[in-house]
Amino acid sequence: MALELRHVRYLLAVAEHGNFTRAAEELHISQPTLSQQVKQLERALGVQLLDRTGRAVRLTDAGEVYTRHARRALRDLAAAERAVHDVQDLSRGHLRLGVTPTFTAYLVGPLTAEFHTRHPGVTLTVRETTQDRIESALLADDLDVGIAFTGPHLPGITTTALFTETLSLVTGAGRARPTPHPPLPVQALHDRDVALLTSDFVTRSHIDAYFARHRIAPRIAVEANSIQALTEIVRRTELATVLPDAVTDDHPHLGTVPLDPPLPARTVGLLRREGAYLSAASHAFTQLVHDLVRSRGYPSAE
């Protein structure tokens, strides 16, 4: 029997769901047909790939090895198809971008607007998610490029530094210190009511570590999982928060107060899977990011 791609995809669907019925529903085929096709694959390979004795269907040791290589092969085939259909003049194409939530507040909008203006025929898919999920999606070839922070990464992820992100204390514009006023000692925040992002944001972990390092404990009166909500809260209350300076640049109703010592800066980077095919759209997007960083005057990462 000649193996066909559908046999491999059927096996992977069963392995993912641990159940023939749910896998068949996803594949839009009958459960008996799916079971027969997987058995054909096992006969062709001469090994048992699935353990069907328990309540859930599980991969055997041979199945684990086979599916690991099968997933990699399917990713390579998908990349090959995109390479064949890549249009160098960018009259059409598709780019899949992943960003961590902070960048949605100040970077995604200008990037998307300029990319669409330059290359209206290219479809851009933007996924907002956590950094670890971005890296996993890059490795699985579910994303082409990610924007996140540099630092320790999963094996197989490469980064290109873009700019340095700085953070400050943020208040309503009427309560901000006029420049060039001396920075506010961080100890002044001890027991002060503040509004902060939730722990879903990497930025929150960065802020918490800064407070712990200087042994201060502001009272967290409000937590928000949206930067837009947080900026509205700060604008309408006496509460202060901590946000990237780039966020407040587009909000005239907010003001920044430098802290002493300052919050540590972070390096923003462009993430990719090592060795991944770089389409014309990927090259164009990379150039656009660098152009936008320079035009907006973001601090250099060098």
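This is a dialogue on how to read some features of a predicted model.

Colleague: Where should I begin with the helices, and at what angle do helix 2 and helix 3 pack?

Modeller: Helix 2 covers residues 20–27 and helix 3 covers residues 31–45. The two pack at an angle of about 100°, and their axes are 9 Å apart. Angles of 65 to 115 degrees count as roughly perpendicular, so helix 2 is roughly perpendicular to helix 3.

Colleague: Which residues make the contact?

Modeller: Helix 2 contributes Phe-20, Thr-21, Ala-23, Ala-24 and Leu-27. From helix 3 come Gln-31, Leu-34, Ser-35 and Val-38.

Colleague: How far is Leu-34 from His-206?

Modeller: Their C-alpha atoms are separated by 49 Å, and the two residues are 172 residues apart along the chain. Compare that with another pair: Glu-238 and Gly-172 are 66 residues apart along the chain, with their C-alpha atoms separated by 7.5 Å. Glu-238 sits in the loop between helix 9 and strand 11 (241–244). With 60% relative accessibility, Glu-238 counts as exposed.

Colleague: Next, the backbone. What should I look for in phi and in the peptide bonds?

Modeller: Most residues other than glycine have a negative phi, and most peptide bonds are trans. Exceptions deserve a look. His-28 has a phi near 60°, a positive value in a residue other than glycine. His-28 belongs to the loop between helix 2 and helix 3, and is exposed at a relative accessible area of 73%.

Colleague: What is the phi of Asp-191, and where does the residue lie?

Modeller: Phi of Asp-191 is near 70°, again positive in a residue other than glycine. The residue is in the loop between strand 8 (184–185) and strand 9 (193–197). Its relative accessibility is 57%, so Asp-191 counts as exposed.

Colleague: And the peptide bond from Asp-260 to Pro-261: cis or trans?

Modeller: That bond is cis, with omega near -5°. Pro-261 itself is in the loop between strand 13 (259–260) and strand 14 (266–273).

Colleague: How do I read aromatic rings?

Modeller: A pair of aromatic rings is described by the distance of the centres and the angle of the planes. Searching the whole structure gives six aromatic pairs. One of them is Phe-103 with Phe-149: the ring centres are 5.3 Å apart and the planes are at 45°, so the pair is tilted.

Colleague: Where in the chain do Phe-103 and Phe-149 lie?

Modeller: Phe-103 is in helix 5 (residues 101–104) and Phe-149 in strand 5 (residues 145–149). They are 46 residues apart, and the pair links distant parts of the chain. Both Phe-103 and Phe-149 are buried. They also belong to one aromatic cluster, together with Tyr-106, Phe-163 and Tyr-298.

Colleague: Which backbone atom lies 2.8 Å from a polar atom of the Asp-144 side chain?

Modeller: The backbone nitrogen of Arg-96. Asp-144 is in the loop between helix 7 (131–139) and strand 5. At 14% relative accessibility, Asp-144 counts as buried. Apart from neighbours within four places in sequence, the contacts of Asp-144 are Arg-82, His-94, Leu-95, Arg-96, Leu-138, Leu-271, Arg-272 and Ser-282.

Definitions and conventions
Residues are numbered from 1 along each chain as its sequence is written. This is a predicted model: local features need pLDDT of at least 70, side-chain atom pairs count only at pLDDT 80 or more; totals for chains, interfaces and linings use all residues. Side-chain values use heavy atoms; hydrogens and water are left out. Axes are lines fitted to C-alpha atoms, for helices over the stretch in contact, and angles run from 0 to 180 degrees between N-to-C directions. Helices (H or I, at least four residues) and strands (E, at least two) are DSSP runs, numbered from the N terminus. Angles under 35 degrees count as roughly parallel, over 145 as roughly antiparallel, 65 to 115 as roughly perpendicular and the rest as oblique. Contact means heavy atoms within 4.5 Å. Buried means under 20% relative accessible area, exposed over 50%, partly exposed in between (1.4 Å probe, protein chains only). Rings of Phe, Tyr and Trp (its six-membered ring) pair if their centres lie within 6.5 Å; planes under 30 degrees apart count as stacked, over 60 as edge-to-face and the rest as tilted. A polar contact is a pair of N or O atoms within 3.5 Å; within protein, one must be able to donate a hydrogen and the other to accept it, and residues adjacent in sequence count only if both atoms are side-chain atoms.
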